[in-house]
Amino acid sequence: MTHEVTVMSRAGCHLCEVAEADVARICGELAVTWKTEDVDTDPEWRAEYGDRVPVILVDGAEHGYWRVEEERLRKALSS
């Protein structure tokens, strides 16, 4: 199965930068596509995710927020 990871983030967010680096490394090792989306570009995203960024989505479903749980993310991407 092919997965896609999205990091919901915002400019100037240090935790977002750390999460993006972790996701880039993990997804790179597993050959999984990933992208970032800025929550401040969409009012619905800002309302949903704004106080919890970064939020990690796997295949469009919320997987976690604030920090990447590496072992858990790897497991989700390996199934």
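Helices (H or I, at least four residues) and strands (E, at least two) are DSSP runs, numbered from the N terminus. The model is predicted, so local features need pLDDT of at least 70 and side-chain atom pairs count only at pLDDT 80 or more, while totals for chains, interfaces and linings use all residues. Residues are numbered from 1 along each chain as its sequence is written, and side-chain values use heavy atoms, with hydrogens and water left out.

**Exercise 1. The cis peptide bond**

Task: State which peptide bond is cis, and where Pro-54 is found.

Solution. 
Step 1. The cis bond runs from Val-53 to Pro-54, with omega near -5°.
Step 2. Pro-54 belongs to the loop between H2 and E3. Helix H2 covers 43-49, and strand E3 covers residues 55-58.

**Exercise 2. Strand pairing**

Task: For strand E1, find the paired strands and the sense of each pairing.

Solution. 
Step 1. Two strands pair if DSSP finds at least two bridges between them.
Step 2. E1 (residues 4-9) pairs with E2 (residues 33-38) in the parallel sense, over six bridges. In this pairing Glu-4 stands opposite Thr-33.
Step 3. On the way from E1 to E2 the chain passes through H1, and this β-α-β crossover is right-handed. Right-handed here means that, with the strands pointing away from the viewer, the path from the first strand over the helix to the second runs clockwise.
Step 4. E1 also pairs with E3, in the antiparallel sense and over four bridges. Leu-57 in E3 is the bridge partner of Thr-6.
Step 5. Five of the six residues of E1 are buried (under 20% relative accessible area, with exposed over 50% and partly exposed in between; 1.4 Å probe, protein chains only). E1 is therefore largely enclosed by the rest of the structure.

**Exercise 3. The hairpin and positive phi values**

Task: Describe the hairpin of E3 and E4, then give the phi of Asp-59 and of Trp-66.

Solution. 
Step 1. E3 and E4 (residues 61-65) run antiparallel and are joined by four bridges. Val-58 stands opposite Ala-61 in E4.
Step 2. The hairpin has two residues between the strands. Asp-59 lies in this loop between E3 and E4.
Step 3. Asp-59 is not a glycine, yet its phi is positive, at about 55°. Asp-59 is partly exposed, at 39% relative accessible area.
Step 4. Trp-66, another residue other than glycine, has a positive phi near 70°. Trp-66 is found in the loop between E4 and H3 and counts as partly exposed at 42% relative accessibility.

**Exercise 4. Packing of H1 and H3**

Task: Describe how H1 and H3 pack, and which residues meet.

Solution. 
Step 1. Two packed helices are described by the angle between their axes and the distance between the axes.
Step 2. H1 (residues 14-30) and H3 (residues 70-78) pack at an angle of about 35°, with axes 11 Å apart. The axes are lines fitted to C-alpha atoms, for helices over the stretch in contact, and angles run from 0 to 180 degrees between N-to-C directions.
Step 3. The crossing of H1 and H3 is right-handed, meaning that the near helix is turned clockwise from the far one by less than a right angle.
Step 4. Val-23, Arg-25, Ile-26, Cys-27, Glu-29 and Leu-30 in H1 meet Glu-70, Leu-73, Arg-74 and Leu-77 in H3 (contact: heavy atoms within 4.5 Å).
Step 5. These residues divide into six nonpolar, no polar and four charged. Ala, Val, Leu, Ile, Met, Phe, Trp, Tyr, Cys and Pro count as nonpolar, Asp, Glu, Lys and Arg as charged, and the others, Gly among them, as polar.

**Exercise 5. Buried residues**

Solution. 
Step 1. Leaving aside neighbours within four places in sequence, the contacts of Ile-26 are Val-68, Glu-70, Leu-73, Arg-74 and Leu-77. Not counting residues up to four places away in sequence, Val-39 touches several residues, among them Met-8, Trp-45, Tyr-49 and Val-53.
Step 2. Beyond neighbours within four places in sequence, the contacts of His-63 are Ile-56, Leu-57, Val-58, Arg-72, Leu-73 and Ala-76.
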